[in-house]
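Me: Hi! Could you walk me through this structure with a few questions and answers?

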Amino acid sequence: MTIASALALAGIRHRFGHTLALDDAHLTVAPGTVHALLGENGAGKSTLMRIAFGMLAPDAGTLAVQGRPVQFRSSADAIAAGLGMVHQHFALVGPMRAVENVALGSRGRLDLTATAARMREVAARTGLSVDPDAVVATLSVAAQQRLEIVKALVRGARVLILDEPGAVLTPDERADLDRWLRQFCADGGTAVLITHKVREALAVADAISVLRRGRSVLEAPRADVDDDAVVAAMTGEALRASPAKAGGAAAIRGLVPTPSAEPVLALDAVTLRDARGVTRLRDVTLRVARGEVLGVIGVEGAGVRELLRVLAGRLAPTTGSVRRPLRVGFIPEDRLHDAIVPAFSLAENLALADAGHARGRLDWRGIRRATADVLTAHDVRNGTADRLAAELSGGNQQKFVVGRERRVGVDALVAENPTRGLDLRAAASVLAALRDAAARGADGPAVVFHSTDLDEVLAVATRVVACFNGSVREVPPPTDPEDRTAYARALVGTL
Amino acid sequence: MIEFGVLLLPFLEASLRTATPLGFAALGELVTERAGVINLGLEGAIIAGCFGALAGAGLGGPYAGVLAGIAAGAAVAMVFAVFVLALRADQIIAGTAMTLLALGITGTLYRLVYGAGGAALDTPTLAPWALPGLSSLPGLGPVLFTQPLPTYVLYLLVPALLWWMHRTGAGLALRAIGEHRAAAEAAGVRSQRSRAAAIIFGGAMGGLSGATLVLAQVGTFNEGMSAGRGFIAIAIVVLGRWSVLGTALAALVFGAAFALQYLFQAMDWALPYQLFLAFPYVLTLVLLALLRGRAAAPLELGRQD
């Protein structure tokens, strides 16, 4: 008898407080296939997979592994049933050695020598090699991802769930991963790939499932769907896959012939070491002028995060000099943590942006009026000056933050993954706002923009620099606009 | 320097004796903290252990006293665990509350049971016990091996903890929970259960610390006799950089600091004795200031979920 599915979830419902995260979601993964689970951020992909891996108990619905119905009380049960999960934010203990991470969860006496031997055996069989004695925190992001997979394989996982595995990888590393996944499935394994990137999913998957607002809206073999069908299923309407492309880098370059000579932001020989003494930026010299949108690319840990924070004045360099205007707008990646106070009203959040410079009494009437202006100008839905920031959806919060940071009098604007967590429409509007800032030429602010999505960077930036291992290099624009090789090489430091 | 030489062995003996209750409390707290929980209720567990040991020894002899002390310390920690793990209360507040509560309850019970002035002076105690052979080794032999029973237990506890933390799955899980709890859970570790066990073990060791104080050192109970040892033990864990050997060593340093006051007093220096009494506490502050940063601290330490 052949088993119809390696992993099957049916009629899954899950509620977080008042929000129905999943409502009648289902997923059937055939053995020996790569199955992509697509959906916009917040569609319920991760929730569904956490249920599959025993990290959450569903309110309703059934689970089956290799055709047998199961009920998981914890991840331990899921692991015992032959599931393995590669988490988006790796579930690895940084200060511990690789072999200890693999042994974690075992009972009784530890035999690290035997565990290391099994890691080597998995490496010999699959080509995924990680030094068992390496301290995890010192490994590259790609190696940590390999370790996550090795961890699952050593425990005998036959069904691998990978949550946004492409997000932290360079294009070459991603191609390696895709090749490896195909091989794993050809050898009888099964993989579920969670992603919100249509192109990534279509490149490797045998079958596609789409979740929209917690419901399953599409489940089809790869051959039966194309980009447009998948995007339509994800958004609920026909919308171009990359609205960002509409403007295009070339168009912007036409608008801004020469940035003004005097740079607004200037770094000279900036080096930054963190609290642990690790060099995060080395000898960075950089100029950004008004009317420019400087696109910054780099994988996690390459120094992008630190570079943006030095430019925004949130981090002071260890050596070297920084010249920047008094007020720099900063749109950080984690808005709930770094940009807004959820329990404050929108007017209070607007006032916060200048709190460091404000003296004496606050002019609340003026602040409310300014807030209302931001809400109208940036199409923040359901917002009034007196509503709490927490009551807005993620997309509207982000539009509010972008509007606030772009307010009058800001000479420079630093944006870090500003479209993270936004649906396609909200993302397009945020990108348009950045482009618009630059379109004002010498009257506009200097903009520094980082996104993990290279398409977004190329759509908005007038100039691109790449971070690698703390160094920053400019990437000369390729003669053929479709040619991505130079960017891919810059990401791995071989430009 | 003949005078100093004569005083040296008694000084080392006193250091070790004073270090024993500190060592138990600190090693217990170390296990709790490696699971990511900071238990400021340790002082409360110690005083509960003191009172439990007094009551137990009165009823069933010194060994019953030791067991009753351990049970009393574990009970205090269990209440702390319920507040912190089940009710998700703040660790600092819950721990401080447990210390204040235990100090108050033991004082009240003591007065109720033994009367306002009546100390149980006939409490049976644990006498030093010379290990045959080892105690007659030249040099440090008599110092190391003419000790009351708890000190020998401590000798065994250090290697046992080292082995457990690094050579068993449960020890690895405990350390992983303290560094990255989500990762441990994703690997199938039941973190709440491990944390509860770590907290109760820490309380039991606090209780043993109190029992040692009463049964092997002071011989009776006084209100508030834990005298800040719980807080010093927490500092000892920091000084020991959250390692078993480091913590044991730091406990010995503090034992010596306490013992030094006897030495100074014996040397008859013309200094007010309060200075010597304050010495261990001043040392705590100085060493904490010298050892900056928390690079070695478990990353999840004190973090609420």
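This is a predicted model: local features need pLDDT of at least 70, side-chain atom pairs count only at pLDDT 80 or more; totals for chains, interfaces and linings use all residues.

Me: Which helices of chain B do the buried residues of α4(B) pack against?
Reply: Residues are numbered from 1 along each chain as its sequence is written, and chains are lettered from A and ligands numbered from 1 in the order in which they are written. Helices (H or I, at least four residues) and strands (E, at least two) are DSSP runs, numbered from the N terminus. With contact meaning C-beta atoms, placed from the backbone, within 7 Å, the partners in chain B are α2 (42-60), α3 (62-86) and α10 (229-239).

Me: Which residues of α4(B) are buried?
Reply: Buried means that 20 or more other C-beta atoms, placed from the backbone, lie within 10 Å of a residue's own. In α4(B) this holds for B:Q91, B:A94, B:G95, B:M98, B:T99, B:A102, B:T106 and B:Y110.

Me: How far apart are the end C-alpha atoms of helix α4 of chain B?
Reply: The expected span is 1.5 Å times one less than the number of residues. For the 24 residues of α4 (residues 91-114) of chain B that gives 34 Å, and the distance between the end C-alpha atoms agrees: 34 Å.

Me: What is the bridge partner of A:L413 in β17(A)?
Reply: Strands pair if DSSP finds at least two bridges between them. β16 (residues 412-416) and β17 (residues 446-450) of chain A pair in the parallel sense over five bridges. In β17(A), the partner of A:L413 is A:V447.

Key:
A residue is buried if 20 or more other C-beta atoms lie within 10 Å of its own, exposed if 12 or fewer, and partly exposed in between; C-beta atoms are placed from the backbone. Two residues are in contact if their C-beta atoms, placed from the backbone, lie within 7 Å.
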